[in-house]
Amino acid sequence: MNIKPLADRVLIKPNAAEEKSAGGIILPDSAKEKPLRGKVVATGNGTKDEEMVVKEGDEVLYGKYAGTEIEFDGEKYLIMRQSDILAII
């Protein structure tokens with residue numbers, strides 16, 4: 001990975017959104033629920049006040065509007081502060 005987050009930031013690969021509803025109806029992109037779960041791809045080194053608790057490979061839950069979406073090599077990622085992560089699964 002060529003992206004290295006700084007300080008207490010974390011790079012997350014979101015899980016794919018659901019393609020179909022429970023009834024089998026195919027949903028358009030605008031109606032898909034934004035995933036709230038993803039895998040940590042890279043982490044910063046932390047700060048002097050906050051050490052990094054999450055590590056690469058962790059599966060995490062985060063808030064619905066947390067982070068900033070970025071696209072790198074055709075893949076979509078989220079970059080957010082460690083404090084925006086709600087839990088490690």
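# Asking why: buried, exposed and paired residues

Buried residues make up 28% of the 89 residues in the protein chain. The model is predicted.

Me: What makes up the fold of the protein chain, helices or strands?

Reply: Strands. The protein chain has six of them and zero helices. Along the sequence the pattern reads β-β-β-β-β-β.

Me: Why is Leu86 called exposed?

Reply: Exposed means over 50% relative accessible area. Leu86 has 64%, so Leu86 counts as exposed. Leu86 lies in strand β6, residues 85-88.

Me: What does Leu86 touch, leaving out residues up to four places away in sequence?

Reply: Leu86 touches Leu61, Tyr62 and Gly63. Contact here means heavy atoms within 4.5 Å.

Me: Why is Glu51 called exposed?

Reply: The cut-off is over 50%. Glu51 has a relative accessible area of 64%, so Glu51 is exposed. Glu51 is found in the loop between β2 (37-43) and β3 (59-62). The C-alpha atoms of Glu51 and Asp8 are separated by 7.7 Å, and these residues are 43 apart along the chain.

Me: Which residues form the largest nonpolar core?

Reply: The core has eleven residues: Val10, Ile12, Val40, Met52, Val54, Val60, Tyr62, Ala66, Leu78, Met80 and Ile85. Strands β1 (9-14), β3 and β5 (75-81) each supply at least two residues of this core.

Me: What makes a set of residues a nonpolar core?

Reply: The residues must be buried, and joined through side-chain atoms within 4.5 Å. In soluble globular proteins, nonpolar side chains tend to be buried together.

Me: What does Ile12 touch, not counting residues up to four places away in sequence?

Reply: Among the residues Ile12 touches are Val40, Val60, Tyr62, Leu78, Met80 and Ile85. Gly38 and Tyr77 are also among them.

Me: How do you know that Lys13 and Glu75 form a salt bridge?

Reply: The rule asks for a Lys or Arg nitrogen within 4 Å of an Asp or Glu carboxyl oxygen. The closest N and O atoms of Lys13 and Glu75 are 2.7 Å apart, and the pair forms a salt bridge. The pair links distant parts of the chain: Lys13 is in strand β1, Glu75 is in strand β5, and they are 62 residues apart.

Me: What makes Glu59 and Arg37 a salt bridge?

Reply: The limit is 4 Å. The closest N and O atoms of Glu59 and Arg37 are 3.5 Å apart, and they form a salt bridge. Glu59 lies in strand β3 and Arg37 in strand β2, so the pair ties together parts 22 residues apart in sequence.

Me: Why is Asp58 called buried?

Reply: Buried means under 20%. Asp58 has 10% relative accessibility, so Asp58 counts as buried. The side chains of Asp58 and Lys55 meet in a salt bridge, 3.4 Å from N to O. Lys55 is exposed, with a relative accessible area of 52%.

Me: How many salt bridges does the count come to?

Reply: By this rule the count comes to four. Side chains of opposite charge can pair when their charged atoms come close.

Definitions and conventions:
Residues numbered from 1 in each chain as written. Predicted model: local features only at pLDDT ≥ 70, side-chain atom pairs only at ≥ 80, totals over all residues. Heavy atoms only, no water. Helix = DSSP H or I, 4+ residues; strand = E, 2+ residues; numbered from the N terminus. Buried < 20%, exposed > 50% of the residue type's maximum accessible area, 1.4 Å probe, protein only.
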